[in-house]
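Please keep the sequence and the model in view while reading.

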Amino acid sequence: MEDRLGVLGLVLNAIALWTTRYIDAAVAQLHAEGHEIRDEDIARLSPLKHRDLNLLGRYGFTASTPAAGALRPLRDPDAPALDEDDDAA
């Protein structure tokens with residue numbers, strides 16, 4: 001049981017780090033596009049508020065390999081495609 005908790009902690013930390021990197025990339029892209037983002041709003045961002053982070057220990061991963069050291073492209077919020085979690089509703 002301790003091993004499972006240790007692995008779950010490792011996975012949660014990895015997902016929180018991954019989400020933080022993409023939040024940072026999204027904020028940087030918004031800045032580059034000329035959007036004004038207040039420091040108070042950035043201070044309230046948290047990787048713990050996203051649906052990809054759960055405490056049940058069940059995660060599904062889709063394999064994709066971006067270029068070395070690069071992030072995958074950010075999702076276009078105006079694109080009509082739904083997230084995988086949304087199409088089941």
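The points below take up confidence, an aromatic pair and salt bridges.

1. This is a predicted model, in which local features need pLDDT of at least 70 and side-chain atom pairs count only at pLDDT 80 or more, while totals for chains, interfaces and linings use all residues. Residues are numbered from 1 along each chain as its sequence is written, and side-chain values use heavy atoms, with hydrogens and water left out.

2. The protein chain has a mean pLDDT (the predictor's confidence in each residue, from 0 to 100) of 76, and 72% of its residues reach 70 or more. Over residues 85–89 pLDDT stays under 50, and the model has three contacts (heavy atoms within 4.5 Å) for them beyond four places in sequence.

3. One aromatic pair is counted. The ring centres of W18 and Y22 lie 4.8 Å apart with planes at 45°, so the pair is tilted; rings of Phe, Tyr and Trp (its six-membered ring) pair if their centres lie within 6.5 Å, with planes under 30 degrees apart counting as stacked, over 60 as edge-to-face and the rest as tilted. Both W18 and Y22 belong to helix α1 (residues 2–32), four residues apart, about one turn of the helix.

4. Two salt bridges are counted, each a side-chain nitrogen of Lys or Arg within 4 Å of a carboxyl oxygen of Asp or Glu. R38 meets E40 at 3.6 Å, N to O, and R38 meets D41 at 3.3 Å, N to O. Through shared partners, R38, E40 and D41 are joined into one network.

Key:
Helix = DSSP H or I, 4+ residues; strand = E, 2+ residues; numbered from the N terminus.
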